[in-house]
Amino acid sequence: MVNPVLRPVAWVIRRFRYVESMVVGTGISSSYERYVSISSAIILVFLILSGILLYLVFLPRIGFWLAIAVSLYIVLLVLFPVSIALVVGAPSILYKNRRALLESKFMVLAIYLSVLLAGGMGVSQAFRELITRYRDELRYFSIELRLAGARINLGEPIDKVLDDVADITPSPSLRELFRALAAASRVGVPASEAVNTVITGYLDRYSLRLEKETSSLSVILDSYTTMAMVTPTIIGAMALLFAMTGGLGAYVQIMLFLSLGLLPLFSFATMVLADHIASRLRL
């Protein structure tokens, strides 16, 4: 239960119910209620301290009552909405980042699971084996596997467990895998066939994503190459212009800005973007 003092803040956070699956799916908190409770406490303390600080800043300038009014206005209409936006937005950002990571590592889990099922294990037994024996290799999927394993050990039906875990995972491929296994368990289709079907679909999508990301990477590298080729021409033209006008000091300043500021920054940004795109293509 949330502390009565925190209930107004908690009520506002709970209005954004879609965040629940993101909180559990990113591992920010063990439960949505715990996340709401902790976030409400942090927001309330932040608002109180900010209100006191603002009051002390405005008091000598505008007087007692006006300082209270301005402080309350800023706290309630500026800081409070910003705090709620951060509490709601942080899980969404982490959820999207984890989605890209799980998508790139999906084949690792799918292959391990396919091998275990092909060896004659049932779905429940295969998941127990993944959790206990291959925990380090599958550490990226620890949230989903730990949740599935705990509920399987409690004796819950495997199809319900997999459907529920599919609802919280950020990875579309992993969600498809869990739901395919749940459906296979209900209708009696061999689980290995369901896994192989999902793997085939993933590889088909991967080829399309590879083409798209390669095109994006090509555009970024072409832009960098163009910048590298055009910059000396621009510098040479500027040198000639400033030599004619006598503005040597301004030319030196521009050269320093380009050499020590703009070009290294552009190179670093290109490297980061290229590495980010390449990381999404690793199987």
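Mentor: Ser39 is buried because its relative accessible area is 7%, where buried means under 20%, exposed over 50% and partly exposed in between, using a 1.4 Å probe and protein chains only. The model is predicted, so local features need pLDDT of at least 70 and side-chain atom pairs count only at pLDDT 80 or more, while totals for chains, interfaces and linings use all residues. Residues are numbered from 1 along each chain as its sequence is written, and side-chain values rest on heavy atoms, without hydrogens or water.

Ser39 belongs to helix H3 (residues 32-62); helices are DSSP runs of H or I with at least four residues, strands are runs of E with at least two, and both are numbered from the N terminus. Leaving out residues up to four places away in sequence, Ser39 touches Ile13 and Val87, contact meaning heavy atoms within 4.5 Å. From Ser39 to Ile84 the separation is 45 residues in sequence, and 8.9 Å in space from C-alpha to C-alpha.

The nonpolar cores come next. Such a core is a set of buried Ala, Val, Leu, Ile, Met, Phe, Trp, Tyr and Cys residues joined through side-chain atoms within 4.5 Å. The largest has 34 residues, of which Leu113, Phe127 and Leu181 touch the most other members. At least two residues of this core come from each of helix H4 (64-118), helix H5 (123-133), H6, H7, helix H8 (172-187) and helix H9 (191-245). H4 gives the most, with 8 residues. Apart from this core lies another, of 17 residues, including Val9, Val75, Leu79 and Val87. Val87 is also one of the residues that Ser39 touches.

The axes of H6 (residues 142-153) and H7 (residues 158-168) come within 10 Å and cross at roughly 155°; axes are lines fitted to C-alpha atoms, for helices over the stretch in contact, and angles run from 0 to 180 degrees between N-to-C directions. H6 is therefore roughly antiparallel to H7, a term for angles over 145 degrees. Residues Ile143, Glu144, Leu147, Ala148, Arg151 and Ile152 of H6 meet Ile158, Lys160, Val161, Asp164, Val165 and Ile168 of H7. Within H7, the buried residues are Ile158, Asp159, Val161, Leu162, Val165, Ala166 and Ile168. Their cover includes helix H2 (19-26), H4, H5, H6 and H8.

Note on methods. Parallel < 35°, antiparallel > 145°, perpendicular 65-115°, else oblique.
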